[in-house]
Amino acid sequence: MPEVFKTQALLLQLAFTSLVFLTSLNIGNAGITSTFIRSEWPSVDIPSDNEAFAVPKGYNAPQQVHITQGDYNGKAVIISWVTADEPGPSGVEYVRCVDQKQNKNVNTKYDTKYYYKIGSGDSSREFWFHTPPNIHPDAPYKFGIIGDLGQTYNSLSTLEHYTQSGGQTVLFLGDLSYADRYQYTEVGLRWDTWGRFIERSAAFQPWIWSAGNHEIEYMPYMVKG
Ligand SMILES: [Fe+2]
């Protein structure tokens, strides 16, 4: 084949390949939502008195607020929080008190923004969430996938990038707080700091949880010899 035809054939092949590639891009809608790559090292836990873990103002103010999907159809939301000083207000409809942890199940409509207020008086706090669209194969819905979050400065950067991404719900792949790196009462305290840390997202959109190996807390030193 003469050189000129060879070049033409190659160009044609390239154009055809590009067309197939671009067409397939149109079919899928995933795309790249962020070029952020979390740096791996150094990975140092943020001190527990840091602003990132701030306790909300007011006596017995609800903290560690987080929501989860309340049913299979996306028409209910479970709101959970902790009151640290004493069991919070009971006697509110649908509130269930277990120790100091409270869960309120709210029935909702599709694709609707809801504001919610928890706690009482000066200590009350307000948040909002947006419910998912009606179930349909083409219903647009943006998931975030996070795992191995922890509570380091890198964790903070990951979470800040996620909250800016427009994701509507988090599928959490396990290894939440890394509190298992601590001992005795520090373990519980580091779960609390982590609960306050993720509130900036988890109070506003459902996080779907799965457990990882760091959720297995092996504490042989707690056993009386
Ligand atoms: Fe992990």
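Reader: How many bridges join S7 to strand S8?

Author: In this predicted model, S7 belongs to an open sheet of three strands in the order S7-S8-S9. Strand S8 covers residues 169–172 and runs parallel to S7. The number of bridges that join S7 to S8 is four.

Reader: Which strands are the edge strands of the open sheet?

Author: The order of the sheet is S7-S8-S9, with parallel pairing. An edge strand here pairs on one side only. The edge strands are S7 (143–146) and S9 (207–208).

Reader: In the hairpin of S5 and S6, which residue takes a positive phi?

Author: Strand S5 (residues 113–118) and strand S6 (residues 125–130) run antiparallel and are joined by six bridges. Within this pairing, Tyr 115 has Trp 128 as its bridge partner in S6. The hairpin has six residues between the strands, and the residue with a positive phi, near 85°, is Gly 119.

Reader: Is H2 roughly parallel or roughly antiparallel to H3?

Author: The axes of helix H2 (residues 153–163) and helix H3 (residues 185–202) come within 10 Å and cross at roughly 15°. Angles under 35 degrees count as roughly parallel. Therefore, the orientation of H2 to H3 is roughly parallel.

Reader: How do the residues of the contact of H2 with H3 divide, and into what classes?

Author: The crossing of H2 and H3 is left-handed. Helix H2 contributes Leu 159, Tyr 162 and Thr 163, and helix H3 contributes Ile 198, Arg 200 and Ser 201. These contact residues divide into three nonpolar, two polar and one charged.

Methods: Residues numbered from 1 in each chain as written. Predicted model: local features only at pLDDT ≥ 70, side-chain atom pairs only at ≥ 80, totals over all residues. Axes fitted to C-alpha atoms, helices over the stretch in contact; angles between N-to-C directions. Helix = DSSP H or I, 4+ residues; strand = E, 2+ residues; numbered from the N terminus. Parallel < 35°, antiparallel > 145°, perpendicular 65-115°, else oblique. Left-handed = near helix turned anticlockwise from the far one by under 90°. Contact = placed C-beta atoms within 7 Å. Nonpolar A, V, L, I, M, F, W, Y, C, P; charged D, E, K, R; others polar. Pairing = 2+ DSSP bridges.
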